[in-house]
Amino acid sequence: MAAIEIRDVKKSYGSAQVLHGVSIDIADGEFVILVGPSGCGKSTLLRMVAGLESITGGEVAIDDKVVNDLPPKQRDIAMVFQSYALYPHMDVAENMAFSLKLAKRPKAEIEQKVNAAAEILGLKPLLKRRPAHLSGGQRQRVAMGRAIVRDPKVFLFDEPLSNLDAQLRVQMRTEIKDLHRRLKTTIVYVTHDQIEAMTMADRIVVMNQGRVEQYGTPLELFDRPANLFVARFIGSPSMNLVDCTLDAASAAPTLRTAGGMRVAIPKERADTLGTTDLVLGVRPENLKVVQADDPAAFAAEVMAVEPTGSEVMLSVAAGEDHLLLLLRERSSLQVGDTVHLSVDPDHVHVFDRQTSQRLDF
């Protein structure tokens, strides 16, 4: 196992800079996920840790040893790629053992490590099969087994589940998390899927355009997004974000949107906002259907109804405000119906529209 320090790391391709001074500390044995949209630099950063990309500026240290100039084979890391990259003419055991054979490890040691990894990954019955006779999930487990047998200090995963169907993705998420629990090895994992990040990571790094937007536990990012980008990216469905103004003149200061949403807040909290150029954030599960005579109610028209069985997603329009509403119970609402909604003041987020930063109030 090993701690990883990424210190002010920069990456440029000619005049195009793709990483702008990224700094991340990853503790020994921690499971950290880099998440962000395509092109944000997360895979480039992972490849720099692996030694597959050169570092333009800054340092990467593994176990307090700067590895900028070390080739990949000397960094004691193992990488699992999006593509399984298995040798089609070799069976499962031969694929898993290949790197150990190249390193000229003793035959008994190779057999012991392959069998141990196969036991962990449930591959024992498949050791004599070739990749063509395996499912996508089985092939991904073989790719993971090939990494495990090397007993590295660090595992690097580059979008390993993106080629799998939805059911297999859920299964493999559980298996990778269980693998981490058993091995207790440091893992750095790249994905664009924030559900993977939320369900698997000890901590999440949210990246955007080559910069770190926020770094914290899944619930820290969900409950207290640092800015509008994180608010939009973390959570499925994503947070409703609506321009609002603060009416602070009355005895009960109120955040108001053009569509009629009203959120009364205590005066001492309102005083800390100090601006009327605001964005109000409300997660879909925190919008509630209420009676029309509720003091905080505002009317909205149902634009779409999306039942999933256990939940119902409503898309509604309140004047100029378009909102998503998540109902945990079944509903008889239809497109065109009028629904009255309210929001709990304890579950709203406020952001500065100009800087996009979260405002604590």
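Two strands pair if DSSP finds at least two bridges between them. The views below all show a predicted model.

**View 1. Strand β19 and its partner β15.**
Strand β15 covers residues 287-289, and strand β19 covers residues 338-343. The two strands pair in the antiparallel sense, over 3 bridges. Which residue of β19 does Val289 face? Val289 stands opposite Leu341.

**View 2. Strand β19 and its partner β16.**
Strand β16, made of residues 298-307, is joined to β19 by 4 bridges. These two strands run antiparallel. Ala300 has Val339 of β19 opposite it.

**View 3. Strands β17 and β18.**
Strand β17 takes in residues 312-318 and pairs with β18 over 7 bridges. The sense of this pairing is antiparallel.

**View 4. The open sheet of 5 strands.**
In what order do the strands of this sheet lie? The order is β15-β19-β16-β17-β18, and the pairing is antiparallel. The edges are formed by β15 and by β18 (321-327), each of which pairs on one side only. From one strand to the next, the twist averages 45°.

**View 5. Helix α4 and its covered residues.**
Helix α4 has 13 residues. From its first C-alpha to its last, α4 reaches 18 Å, close to the 18 Å expected at 1.5 Å a residue. Is α4 mostly covered or mostly uncovered? The helix is mostly covered, since 11 of its 13 residues are buried. Among them are the glycines Gly137 and Gly145, together with Val142, Ala143, Met144, Ala147 and Ile148. The buried residues also include Gln138, Gln140, Arg141 and Arg146.

Side chains of opposite charge can pair when their charged atoms come close. Here Arg141 forms a salt bridge with Glu175, and the closest N and O atoms are 3.4 Å apart. Arg141 belongs to helix α4 (residues 136-148) and Glu175 to helix α5 (residues 166-183), so the pair links distant parts of the chain, 34 residues apart. Glu175 has 23% relative accessibility and counts as partly exposed.

Asp178 and Arg182 meet through their side chains in a salt bridge, at 3.1 Å from N to O. The two residues are about one helical turn from each other, because they are 4 residues apart in helix α5. Asp178 counts as partly exposed at 25% relative accessibility. Arg182 is partly exposed as well, with a relative accessible area of 43%.

The side chains of Asp247 and Arg256 form a salt bridge, with N and O 3.5 Å apart. Asp247 is partly exposed at 28% relative accessibility, and Arg256 is partly exposed at 35%. How many salt bridges are counted in the structure? The count comes to 19.

A pair of aromatic rings is described by the distance of the centres and the angle of the planes. The structure holds 5 aromatic pairs. In one of these, the ring centres of Phe31 and Tyr189 are 5.9 Å apart and the planes stand at 45°, so the pair is tilted. Phe31 lies in strand β3 (residues 31-35) and Tyr189 in strand β8 (residues 186-191), so this pair ties together parts of the chain that are 158 residues apart in sequence. Both Phe31 and Tyr189 are buried. Phe155 and Phe157 form an aromatic pair that is also tilted, at 6.3 Å centre to centre and 45° between the planes. Phe155 and Phe157 are both buried. Ring pairs link Phe31, Phe155, Phe157 and Tyr189 into a cluster.

**View 6. A charge over a ring.**
Which ring lies under the charged end of Arg283? The charged end of Arg283 sits over the ring of Phe222, at 3.9 Å from the ring centre.

Notes: Residues are numbered from 1 along each chain as its sequence is written. This is a predicted model: local features need pLDDT of at least 70, side-chain atom pairs count only at pLDDT 80 or more; totals for chains, interfaces and linings use all residues. Side-chain values use heavy atoms; hydrogens and water are left out. A salt bridge is a side-chain nitrogen of Lys or Arg within 4 Å of a carboxyl oxygen of Asp or Glu. Buried means under 20% relative accessible area, exposed over 50%, partly exposed in between (1.4 Å probe, protein chains only). Axes are lines fitted to C-alpha atoms, for helices over the stretch in contact, and angles run from 0 to 180 degrees between N-to-C directions. Rings of Phe, Tyr and Trp (its six-membered ring) pair if their centres lie within 6.5 Å; planes under 30 degrees apart count as stacked, over 60 as edge-to-face and the rest as tilted. A charge sits over a ring if NZ of Lys or CZ of Arg is within 6 Å of the ring centre and within 35 degrees of the ring normal. The expected span of a helix is 1.5 Å times one less than its number of residues.
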